[in-house]
Amino acid sequence: MFITFEGIDGSGKSTQAKALVSTLQAQGKSCIWTREPGGSEGAETIRKLLVEGDPNRWSAETEILLFNAARRDHLEKTIQPALLRGATVVCDRYVDSTRVYQGIVRADLRELVDLMHGIIIGREADLTFIIDIDPEVALTRGLARNSGEDRFEDMGLDFQKRLRAGFMELAKQNTKRCHVIDGSQTMEEVGRAVLTIYESVAT
Ligand code: TMP
């Protein structure tokens, strides 16, 4: 099973993705955690180009090419091999981030994103959790990390608000695959909500 976590910056999705992996591993299941952009040696190299530096460093079109290059390498080297050996793959961000960040908010390029995904990647997640949170809260959390990987966070609060709306729209279009979880709850509550949905889908 291929599971993805999505949401705006600072939504807490990374913590939740890792928590799900720990829970499944503790149950004796073969399960890996991975992330995008990144998740393979080549894709981690491309990640640096995308998440560091000036917000105006790349156009949305160039970003789409870079995210797809990273994703293709990640799919070939990490995701596909794990799925083929029967492991569950839990991925922190995937193509829904490209659909919303580059396809809706950075520019009106949703068709291009879907077209490229169909040609170059061709793999959709089986189950997607969208952790929804107020952007003002999330932005504070995100910037507090001060990781040097803040290129998209530096695009500002209005950008994050539009991302949130974009993810909600995407969830409406994909009700079977996408599950929206209230990220303002405690970490434990969000974790329980994730697990309940996972169990209802996986069994
Ligand atoms: P992260 O902080 O969740 O690791 O993600 C890095 C940044 O990259 C985050 O701000 C979202 C952005 N991003 C996109 O804009 N498009 C994409 O396709 C992906 C995977 C991430």
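Begin by selecting Glu63 and Arg106 in this predicted model: their side chains meet in a salt bridge, with N and O 2.8 Å apart. This pair links distant parts of the chain, since Glu63 belongs to helix α3 while Arg106 sits in the loop between α4 and α5 (110-121), 43 residues apart. Glu63 is buried, with a relative accessible area of 0%, whereas Arg106 is partly exposed at 24%.

Next, select Asp73 and Lys77. Their closest N and O atoms are 2.6 Å apart, forming another salt bridge. Both residues lie in helix α3, 4 residues apart, so about one helical turn separates them. Asp73 counts as buried at 14% relative accessibility, and Lys77 is exposed at 51%.

Move on to helix α7 (residues 157-173), where Arg162 and Asp158 are 4 residues apart, about one turn of the helix. Their side chains form a salt bridge of 3.4 Å, N to O. Then select Asp96, Arg99, Arg110, Asp114, Glu124 and Arg177 together: salt bridges with shared partners join these residues into one network. The whole structure holds 19 salt bridges.

Finally, display the ligand and the 14 residues that surround it; Asp9, Arg47, Arg93, Thr98 and Gln102 are the closest. A polar side-chain atom of Thr98 lies 2.5 Å from a ligand oxygen, and an N or O atom in the side chain of Arg47 is 2.9 Å from an oxygen atom of the ligand. In Gln102, a polar side-chain atom lies 2.9 Å from a ligand nitrogen. The protein covers 95% of the 480 Å² of accessible area that the ligand has on its own.

Methods:
Residues numbered from 1 in each chain as written. Predicted model: local features only at pLDDT ≥ 70, side-chain atom pairs only at ≥ 80, totals over all residues. Heavy atoms only, no water. Near = heavy atom within 4 Å. Polar contact = N/O pair within 3.5 Å; in protein donor to acceptor, adjacent residues only side chain to side chain. Areas by Shrake-Rupley, 256 points an atom, 1.4 Å probe, with all protein chains shown as cover. Salt bridge = Lys/Arg side-chain N within 4 Å of Asp/Glu carboxyl O. Helix = DSSP H or I, 4+ residues; strand = E, 2+ residues; numbered from the N terminus. Buried < 20%, exposed > 50% of the residue type's maximum accessible area, 1.4 Å probe, protein only.
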